[in-house]
Amino acid sequence: MTRVQEFRTGDTPLPDIVILTHKLAREYDMGGEVVRALRGVDLQIRRNEYVAIMGPSGSGKSTLMNLIGCLDTPTSGEYWLNGQQVSDLADDALARIRNKEIGFVFQTFNLLPRASALHNVELPLIYAGQNARQRRALAAEALRRVGLGDRMEHRPNELSGGQRQRVAIARALVNAPSILLADEPTGNLDSATSQEIMQVFADLHRQGQTVVMVTHEADIAAHAARVVTLRDGLVAADHLKAA
Amino acid sequence: MSLFEAIRLGLGQLRVQKLKSAFSLIGVFIAVTFLIGAWSIVNGMNSYMTEKFAGTLVGVNTFHLRKRPNFTPNVTDSTWRSWARRPRITFADADAVVHGITLPVLTAWASEDRGDVEAGTKKVAQVSLNGATTDYFAIRNIKIDEGRPFSPQEDKAGAAVVVLGYDLADRLFEKRDPLDKYVRIHGIPYRVVGVAASRGNLFGISLDKFVVAPALSPIQREVNPPGVIDALMVKANSEPEMRLAMDQAEAIMRSRRHLRPRQDDNFALETSEGVLNFWAKINRILMAVGPGLVLISLVVGGIVIMNIMLMAVAERTREIGLRKSLGARRRDILRQFLAEATTIATVGAVLGIGAGIFLSILLNVATPLPATVAPGSILLGVVLGGGVGIVAGVYPATRAARLDPITALRQE
């Protein structure tokens, strides 16, 4: 187990804790029946950790990912991201947090099909209000970081699956977010390409990037330094890999 | 996201979805084309009417004393019958008015009918035959190109001399010099003393197919019963003087006709205003119908754009979810789709302006209808087109902005 801050409501997380959830719960109202997807998750992730969140389907890992990604708000409990409590923020404020603090990588890449790789990577910067020249420079830099410096003007359909996912990773990195949040990043890739993407994640982690990855594949989770397992909306196990 | 970015995005969508966009902007395109085209016709007609039509047919600062008005839109049968019962304008009436007006004016008798004119073996039918006095040329602003107008002596004596319109001279004599040759009207020969300069045409009808002979020449039998004229033309130096002269003419005619104070005039004093009133009535109809048609096509165009945008929002739900997850706020998404709708509509409007201008040029060249593009209509076209885009885009854009990012991202 990692060093854990004794956290009580009213406290502030220690400065090197990027993600802190306290009794985080999320309930859905499914036509009169209340589904408790998360039932009080306490999770702390420090800067520059590489964490995999695992669990069978229905364990609440997607719900947790949506909450960590600020796409959703909890029914109760606290969520602190990079020293700021975000669990009670309004819609537009959450959009700003997503833009500044979180880099999403999706299973299905979610690239704009008619836009070039460069333009796809520029997207978060458009919403950050950067001017065109800064955007181009930063997006090109991010693409070079994932080894796609020579594919900038290609459209997604002119790229392989692994290259598409790397464009998506570049897009996630371009705003220098606090966390890189990946949802089944290798779910649509063959095993060779999956290894390639895992290598990119490992490199980014080594460069200091905090990485949170949701997956149900044990061999993919094995790439992370720490594996958190969810079951029935609660943390069932939290293992640090022996270095 | 800046407005500029949003517009660029909208143009980008237009480029990648050409066919769909072409359909969506067709409504606005038609509306604006019609707006520019119809407005340019009205505009062209307006200036044509005031500058040429009225001036040519009646003349500036000129009034005609007639039995009944010449330009008579939509009169009832009973009015028409009462006009038909009025006494005609006699030589004596005309003389009395000419001598009674105390202001410096030009006056001329004028009577007109249509008939054949022959020269040698050539014959031109449906020529305007005019019996008139010397100042007719000055009042109607008819310039003499060759020869001379008939003289006051010929006028008084009723000499069988004639001035030919430009086209008529051309058709009767072709390349030969018509001066001092003879034309025959109803078998009676008239010596040609002059040919008028070309007066062009009015709605495609030549204004150069006429003859003018002295009122007392044998032509009087062609144009009117004995002792009677169609009109006495009076041209004053200015508009107020014309009004005064009209009052005097009215007073003289009323006393000659022994009309009681409460009785209406049984003669007409017609100015170019009368002609313009006639046009104003047509104009009012166009102005009432035109905007309605434009409005209907704009509404249809707006509905089309709204539907296309709703389709776009449904199709691009995932894209919207992605954009939101990358940090787009509600207003960013709203702005994106509003800009897209407005861009489509504005492009439609701009194309419509182009087509409208083309249409009006085509009308000018290919038909006698005069058309001039009104600068205001271009501005209005752009404003209306863009406005329709905004209005039609609000609902789809709001729907897009309200999408929940999680559900939107999950959408296939």
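How many residues of chain A are in contact with residues of chain B? The points below begin with that matter.

1. The contact between the chains. In this predicted model, 18 residues of chain A are in contact with 16 residues of chain B; two residues are in contact if their C-beta atoms, placed from the backbone, lie within 7 Å. Helix 2 (91-101) and helix 3 (117-128) of chain A each supply at least two residues of the side of chain A that touches chain B. Helix 2 of chain A gives the most, with six residues. By class, this side of chain A has nine nonpolar, three polar and six charged residues. Here Ala, Val, Leu, Ile, Met, Phe, Trp, Tyr, Cys and Pro count as nonpolar, Asp, Glu, Lys and Arg as charged, and the others, Gly among them, as polar.

2. Conventions. Residues are numbered from 1 along each chain as its sequence is written, and chains are lettered from A and ligands numbered from 1 in the order in which they are written. As the model is predicted, local features need pLDDT of at least 70 and side-chain atom pairs count only at pLDDT 80 or more, whereas totals for chains, interfaces and linings use all residues.

3. Chain A as a whole. Chain A has seven helices and ten strands; helices (H or I, at least four residues) and strands (E, at least two) are DSSP runs, numbered from the N terminus. The radius of gyration of chain A, 18 Å, is close to the 18 Å that the globule rule gives for 243 residues, so chain A is as compact as a globular protein of that length. The radius is taken over C-alpha atoms, and the rule is 2.2 Å times the number of residues to the power 0.38.

4. A sheet in chain A. Four strands form an open sheet in the order 2-1-4-5, with antiparallel pairing; two strands pair if DSSP finds at least two bridges between them. Strand 2 (33-46) and strand 5 (84-85) of chain A stand at the edges, each with a single partner strand, so one side of each is left without a neighbour in the sheet.

5. Helix 11 of chain B. Seven of the nine residues of helix 11 (residues 317-325) of chain B are buried, that is, 20 or more other C-beta atoms, placed from the backbone, lie within 10 Å of their own. These buried residues pack against helix 2 and strand 6 (102-105) of chain A, together with helix 12 (330-366), helix 13 (375-402) and helix 14 (405-410) of chain B.

How values were computed. Buried ≥ 20, exposed ≤ 12 C-beta atoms within 10 Å, placed from the backbone.
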